Amino acid sequence: MSSVNLHRNEIGIKVVYYGPGLGGKTSALQYMHAVLKPENRGRLISLATGIDRTLYFDFLPIQLPRIRNFSIRMSLYTVPGQVHYNATRKLVLQGADGVIFVADSQASRHEANVESIENLYANIREHGVDPTAIPLVLQYNKRDIPDVLPVSELNRDLNPRDVPWFETSAVTGQGIFDALKTITKLVLTDLKRQGIYRDPAPPNAESDAAYWGVNGDALPWDGEDGDLSGAPQALAEHREAPATLSERSTSIEAAIVDHVASHPASDAPPPKAPVNFSDLWSTDAAAQRIAALESDIAAGHYRRVIEHAPQLLATLLPAGGTFASTEAFLLALGTNGAYWARFSAITHAPHGGLLTRADALFCLFFLTDVELRLQSAGVRT
């Protein structure tokens with residue numbers, strides 16, 4: 001779920017790209033990563049298999065300009081599309097503030113679209129969330145190829161809520177940022193409705209100029225409807241806004257577009273980034289240890305990674321015997337029991353057992369999952 005850091009005046013929101021396998025989820029993130037300015041986007045982390053290009057998740061943090069006194073940090077994830085990875089889908093979906101459903105527009109994939117969106121609603125319910133309430137945007141992807149279904153048919157079967165939808169191409173970038181802009185507005189509006197954060201009122205008329213970002217460090221929020229396009233009506237009734245204020249009081253759309261490089265990459269999706277779990281760790285020492293294990297994986301030293309994994313897990317346990325056992329600690333943290341069972345099976349395998357790259361990667365994934373849960377709980381910063 002969203003996080004509000006009052007000390008840093010930062011709102012963190014999580015958006016998940018959901019949809020059938022090979023529908024364009026990962027390609028959409030790859031396109032955005034290629035055209036966003038380097039200083040305004042993080043590293044794209046991608047894990048691939050021969051069946052589906054995203055086994056665990058893609059993670060693309062995007063820093064947007066400030067809105068009022070808050071900066072906005074978006075984290076974009078994708079889920080694996082294949083049905084047998086549903087447990088991973090649930091894990092990635094947990095705590096999502098909004099969802100972009102990426103449908104494959106090809107007629108041959110329509111059944112997979114319907115199955116996937118029904119699975120989305122089912123997984124949202126399992127997290128105790130009303131699936132009709134979560135902010136949702138639809139991307140009808142692959143509109144640049146032949147044999148695509150008409151939008152009317154896609155809307156009939158996939159869009160009973162009548163949420164915003166866009167015709168997109170993850171290859172050319174058509175509509176990709178339009179969907180991102182819209183989900184951003186919907187999420188921010190929903191967070192305000194929930195009372196996750198509130199906009200402070202300007203103390204007096206003299207401070208209005210600074211409040212509305214004349215110095216270039218803020219964007220306006222003009223009401224409960226989520227429109228970020230101008231100053232509140234009350235302010236407009238008092239006096240005409242200066243030209244500089246009007247120019248800076250752009251919408252969230254302009255804020256995102258401003259972060260796109262002036263010379264985007266070619267239409268072809270960029271190459272996949274290497275695995276970098278270490279970027280998600282909160283301390284330099286731990287990140288260096290994870291980076292060393294990533295290098296071992298790249299070199300094929302899978303056993304070395306698996307042998308070190310239990311030691312790294314031990315460093316994450318709280319000191320002083322707070323918990324009776326590792327299992328009790330992981331249970332309190334909300335860790336997936338099946339993941340713990342698999343981690344234990346891998347790390348306790350016989351010395352001569354056959355270990356694979358997937359085993360080593362899973363160990364890093366499990367350790368990183370524990371690390372991120374500790375960060376969310378405020379134990380590690």
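Reader: How many helices and strands does the protein have?
Author: This is a predicted model. Both element types occur in the chain, and the counts are 14 helices and seven strands.

Reader: What share of the residues is buried?
Author: Buried here means under 20% relative accessible area. The protein has 381 residues, and the buried share is 50%.

Reader: Among contacts between residues at least 6 apart in sequence, what share joins residues at least 24 apart?
Author: A contact needs heavy atoms within 4.5 Å. Of the contacts between residues at least 6 apart, those joining residues at least 24 apart make up 70%.

Reader: How much of the accessible surface belongs to carbon and sulfur atoms?
Author: The accessible surface of the protein is about 17,600 Å². Carbon and sulfur atoms hold a share of 53%.

Reader: What span should helix α5 have, and what does the model give?
Author: Helix α5 covers residues 176-194, which is 19 residues. The expected span is 1.5 Å times one less than the number of residues. That rule gives 27 Å, so the model agrees, with end C-alpha atoms separated by 27 Å.

Reader: Is α5 mostly covered or mostly exposed, and which residue follows it?
Author: Of the 19 residues in α5, 14 are buried, so by the 20% cut-off the helix is mostly covered. A positive phi, near 80°, belongs to the residue that follows α5, and that residue is Gly195.

Reader: How do α12 and α14 pack, and which residues make the contact?
Author: Helix α12 is residues 326-333 and helix α14 is residues 357-376. Their axes lie 10 Å apart at an angle of about 60°, and the two helices are therefore oblique to each other. The crossing is left-handed. On α12 the contact uses Phe329, Leu330 and Leu333, and on α14 it uses Phe366, Val370, Arg373 and Leu374.

Reader: What is the orientation of α13 relative to α14?
Author: Helix α13 is residues 337-347, and its axis comes within 10 Å of the α14 axis. They cross at roughly 130°. Angles over 145 degrees would count as roughly antiparallel. This pair is therefore oblique.

Reader: Which residues of α13 and α14 make that contact, and what is the hand of the crossing?
Author: From α13 come Tyr339, Trp340, Arg342, Phe343, Ile346 and Thr347. From α14 come Ala358, Asp359, Phe362, Cys363, Phe365, Phe366 and Leu367. The crossing of α13 and α14 is left-handed.

Reader: Where is Ala107, and which residues does it touch?
Author: Ala107 sits in the loop between β5 and α3. Its relative accessible area is 34%, so it is partly exposed. Its C-alpha atom is 5.4 Å from that of Leu149, 42 residues apart along the chain. Leaving out residues up to four places away in sequence, Ala107 touches Asp147 and Leu149.

Reader: Is Asp147 buried or exposed, and what is its phi?
Author: Asp147 lies in the loop between β6 and α4. Exposed means over 50% relative accessible area, so Asp147 at 56% is exposed. Most residues other than glycine have a negative phi. Asp147 has a positive phi, near 60°.

Reader: Where is Asp162, and what is its phi?
Author: Asp162 belongs to the loop between α4 and β7. Its relative accessibility is 63%, so it counts as exposed. Its phi is positive too, with a value near 55°.

Technical notes
Residues are numbered from 1 along each chain as its sequence is written. This is a predicted model: local features need pLDDT of at least 70, side-chain atom pairs count only at pLDDT 80 or more; totals for chains, interfaces and linings use all residues. Side-chain values use heavy atoms; hydrogens and water are left out. Helices (H or I, at least four residues) and strands (E, at least two) are DSSP runs, numbered from the N terminus. Buried means under 20% relative accessible area, exposed over 50%, partly exposed in between (1.4 Å probe, protein chains only). Accessible areas come from the Shrake-Rupley method with a 1.4 Å probe; for residues, only the protein chains shown count as cover. Axes are lines fitted to C-alpha atoms, for helices over the stretch in contact, and angles run from 0 to 180 degrees between N-to-C directions. Angles under 35 degrees count as roughly parallel, over 145 as roughly antiparallel, 65 to 115 as roughly perpendicular and the rest as oblique. A crossing is left-handed if the near helix is turned anticlockwise from the far one by less than a right angle, and right-handed if clockwise.
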